[in-house]
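Reader: I have a model open beside its sequence, and I would like to learn how to read it feature by feature. Could you take me through it slowly?

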Amino acid sequence: MSPRLLALVPSAVAINLAIGFIVNQVGLPLYLDSVGTVLTSALAGPLPGLITGLVSQSVRSLYEGFIWLPFGAVQALIALLAALAARRGGFRTVPLAAGWGMGVGLAAGALSALISFFVFKGVTATGVTAVTLALTRLGLSTAQAVTAASLGTDVLDKTIVFSLVGITLRALPQRVLGRYEWARRALGR
Amino acid sequence: MFAVTGGIAVLAFLLPAPRGPVVLYAAVLALSLVVGEGRSALRAIRVCLPLWILLALLLGLSPGGERQWIGPLSLSRGGLAAALAQGARLGAVATVSLALFAGFDPSRFLDAVAERGWSFHAGYLLVATLQAVPRFRHRAAMILEAQRARGLRFRGSPLRRARALVPLTLPLVLGMLSEVDDRAMALETRGVDARVPRTSLRSPPDSLPDRIIRWAMPVLVLAALVWRLAG
């Protein structure tokens, strides 16, 4: 790993965790804990993105107990799909980035639902579980409720994450963009 | 400690429910008190408490099966047993991992990585991240205060709150990318790309109990796996 990537990955992981603090203060029912992962994939490709996602989940697990470690698979999926989006110029415009975010949100939500249901019996983050509980009271089975809650939250979350990364990439000066081989392709230049 | 944490995480899901995870959690709680990590056990309870309540509600309220009245609620016995097992699994894993974090010394870890000839990059990634997280959280708080002082309002409708995310996150991310340049140069100057093996100034001790635990945990996990498959 080059010194630049070795410096980028820990900072991107810290961004993943620090944005959670901002989201809490703003009071939105979102995570936005993959901004650093998506940004790294868009700047440097799938492998650094994958490492960022996995390290991010491991470090988060260190702070909050290793119970959330299985969701590392979701971070890995997001990193790979974000790299695919970057390769296809998916961050060319903010609406296009948001569209990719929706697609990634669907995939991440489906995987997240599988992990939530089979590993955690449907009980994960408090907000999502509250939605799951409400949906089961409406007559949905636990599996259906977990899937609906995960898809709903993940689609919204990843749409915002991809939009934020799209805005960030467009705000970067040419000098910085030139240092990352995937950045120009991500912006369709 | 990494071996103990990994071993207990695997055992929590390997031992037969509901008795296995409950006994494991009780053993982890007792062990944490014996080794003076009672605070980690308490922190784990704080992390797990909302999850335990939600587990009892979600699985206990599931329809069908034998019912048990608790106050005004008719709960499924099977659901409650599943909630108990899952709650104990989460409790055991959270307790042991928070104890690991409480006793983790980054510089000792890097010394041990160098001593064993493991990848310096992997060790550096973990340690640099642990050091970066509080720094970035502090920076996020400063940006929040600065934007609030400039008149940014992030209360009100969800749309207004979502709009506030851009001026709050953009400075954080752009600042991070400019810091990456400085750090990359510092790492290059310190020979992070060098192909020669790194050495540590202080070799961390590797005592006999440490070695025994490192070997005993995989054996214990393997024994549990064989027992489950045979049973």
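Author: What follows is a walk through some helices, a hairpin, the nonpolar cores and the contact between the chains. Please keep in mind throughout that this is a predicted model.

Reader: Which residues of helix 2 of chain B are buried, and which exposed residues does the face turned away from them carry?

Author: A residue counts as buried if 20 or more other C-beta atoms lie within 10 Å of its own, and as exposed if there are 12 or fewer. By that reading B:Pro21, B:Leu24, B:Tyr25, B:Val28 and B:Ser32 are buried in helix 2 of chain B. Seen down the helix axis, these buried residues fall within an arc of 100°, so they line one face of the helix. What covers them includes helix 1, helix 3 and helix 4 of chain B, while the face turned away carries the exposed residues B:Ala30, B:Leu33 and B:Val34. Just after helix 2 of chain B, B:Gly36 takes a positive phi of about 80°.

Reader: Why is B:Leu33 called exposed, and what does it touch beyond its neighbours up to four places away in sequence?

Author: B:Leu33 has 11 other C-beta atoms within 10 Å, and is therefore exposed. Leaving aside those residues up to four places away, B:Leu33 touches B:Gly38 and B:Ala41. For a contrasting case, take B:Ala9, in helix 1 of chain B, which is buried because 20 other C-beta atoms lie within 10 Å. B:Ala9 and B:Ala92 are 83 residues apart along the chain, yet their C-alpha atoms are separated by 7.6 Å.

Reader: How many buried residues are there in helix 8 of chain B?

Author: The count is zero among its 23 residues, and helix 8 of chain B is hardly covered.

Reader: How are strand 1 and strand 2 of chain B joined, and in which direction do they run?

Author: Four bridges join strand 1, residues 67-70, to strand 2, residues 73-76, and the two strands of chain B run antiparallel. B:Arg67 stands opposite B:Ser76 of strand 2 of chain B. The hairpin has two residues between the strands, and B:Gly71 in that hairpin takes a positive phi near 60°.

Reader: Which residues touch the most other members of the largest nonpolar core?

Author: In soluble globular proteins, nonpolar side chains tend to be buried together. Here the largest core has 72 residues, and A:Ile15, A:Ala42, A:Ala82 and A:Val165 touch the most other members. Helix 1 of chain A, residues 3-26, gives the largest share of this core, 15 residues. Apart from it lies another core, of 35 residues, which includes B:Ile8, B:Val28, B:Leu57 and B:Ala92.

Reader: Finally, how many residues of chain A are in contact with chain B?

Author: There are 48 residues of chain A in contact with 57 residues of chain B. Helix 1 of chain A supplies the largest share of the side of chain A that touches chain B, with 18 residues. By class, that side of chain A has 33 nonpolar, 12 polar and three charged residues.

Technical notes: Residues numbered from 1 in each chain as written. Chains lettered and ligands numbered in written order. Predicted model: local features only at pLDDT ≥ 70, side-chain atom pairs only at ≥ 80, totals over all residues. Arc of directions from axis to C-beta. Contact = placed C-beta atoms within 7 Å. Core = buried A, V, L, I, M, F, W, Y, C linked by C-beta atoms within 7 Å. Nonpolar A, V, L, I, M, F, W, Y, C, P; charged D, E, K, R; others polar. Pairing = 2+ DSSP bridges.
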